[in-house]
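The sequence and the model are shown first.

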Amino acid sequence: MNPDHLPDLQQALLDWFAEHQRPLPWRRQYHPYEIWVSEIMLQQTQVKTMLPFYTRWMSELPTVHSVAAASEEMVLKLWEGLGYYSRARNLQKAARVICDEHGGELPADFDHIRALPGIGPYTAGALASIAFNQPRPVVDGNIERVLCRIEGIGEPPKSTPVQKQLWSLAAEWISHGHAREFNQGLMELGATLCTPRNPSCLLCPANAWCVAFHTGRTDTIPAPRGRPEIIRIEKLTALVQNGDCWLVRKRPEGGLMGGLWEFPTWEELPSENSAAAWLTQQLHEDYGVAARIGPELFKMEHDYTRFHATLHCRLCTVAEIPSVPPDNAQWLTLGEISELALPRVFQRLRKRLLDEASA
Ligand code: SF4
């Protein structure tokens, strides 16, 4: 874009944002803690999905100190359903650093923000600009699309040279003194008008300067990504029951969905003929129980990142619960299990068991 046009573009975007921004709770006061939580929740998640989680989180954990002092169980439970649980764990780690090293206030210094656990270049830029109105650039998926279209960049936006170009454009264009509104204006434009399909160009404050609009290329810019290959996996889940109680285990810390609870599950599926013997042995070795293995009850399907998983669920009954529960496992009722943080597929599984019990 001709640099002479930049002031007009900035003003048009600021005016549009002032009039059309969505009234989101963290925009009322621009409190740094609220901006931080909202930005972490918005990674990989749309506003309308995260809003109920945000509201619940803020009512339970209204300050940085309360996050630092909360149990990990509580933090994960409040995050349950949002996915990408490392975001919640890092939020708590960062809250503890903020309490230990910054007196419980999110630091305004960019390098200090960047050094917090879970804060990458995007989030650091978003916090510095939105919470503290500092002229720091941000480039997320929405801004990427807006910048590519205005500048007519047809190369894949994730390529290294284009990423460099986009970050330097975002830095050049930022409106000093109005960084908070300018960056949010770009984000809001990408989220509401400059959508991936059928952008509303006639309503757009940037249409006078937009190359993609004027050359009829809004459907080819940004260049579409190749579809990632979906990997299919089969798992075996044991629904181990003793009366009203079910065996659940806590996933190991540090791994995928670490710290969340699940019904015992193995990432392999023995053949139908050998499944009962295999499961009998696994339950004995891993949980110290002698179980009677039933047939497959049902399957649960779920998708996460690049995986499509099928859980083959077998009912296993146990006549006697060992007096000492194995490490990281518990026998709980379905009501008690609902108090734990579970990955989404196991929430569905718990509900299904509850529905079948009351049918
Ligand atoms: S004119 Fe259309 S394509 Fe260009 S930035 Fe606006 S909404 Fe996006």
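What covers the buried residues of α3? In this predicted model, the cover includes α2 (32–42), α4 (64–69), α5 (72–79) and α6 (86–101). The residues of α3 that are buried are V47, M50, F53, Y54, W57 and M58. An α-helix has 3.6 residues a turn, so residues three or four places apart point the same way.

Helix α3 consists of 14 residues, 47–60. At 1.5 Å a residue these should span 20 Å, and the end C-alpha atoms are 20 Å apart, so expectation and model agree.

Two packed helices are described by the angle between their axes and the distance between the axes. For α2 and α3, the angle is about 135° and the axes lie 10 Å apart. Because angles over 145 degrees count as roughly antiparallel and 65 to 115 as roughly perpendicular, α2 is oblique to α3. The crossing of α2 past α3 is right-handed. On the α2 side, the contact is made by Y33, E34, V37, S38, M41 and L42. On the α3 side, V47, M50, F53, Y54, W57 and M58 take part.

The cysteines are a separate topic. The structure contains zero disulfides. C313 is in none, and the nearest cysteine sulfur, that of C316, is 10 Å away; a disulfide would need the two sulfur atoms within 2.5 Å.

| Residue | Relative accessible area | Class |
|---|---|---|
| C194 | 10% | buried |
| C313 | 0% | buried |

How values were computed: Residues are numbered from 1 along each chain as its sequence is written. This is a predicted model: local features need pLDDT of at least 70, side-chain atom pairs count only at pLDDT 80 or more; totals for chains, interfaces and linings use all residues. Side-chain values use heavy atoms; hydrogens and water are left out. Buried means under 20% relative accessible area, exposed over 50%, partly exposed in between (1.4 Å probe, protein chains only). Helices (H or I, at least four residues) and strands (E, at least two) are DSSP runs, numbered from the N terminus. The expected span of a helix is 1.5 Å times one less than its number of residues. Contact means heavy atoms within 4.5 Å. Axes are lines fitted to C-alpha atoms, for helices over the stretch in contact, and angles run from 0 to 180 degrees between N-to-C directions. Angles under 35 degrees count as roughly parallel, over 145 as roughly antiparallel, 65 to 115 as roughly perpendicular and the rest as oblique. A crossing is left-handed if the near helix is turned anticlockwise from the far one by less than a right angle, and right-handed if clockwise.
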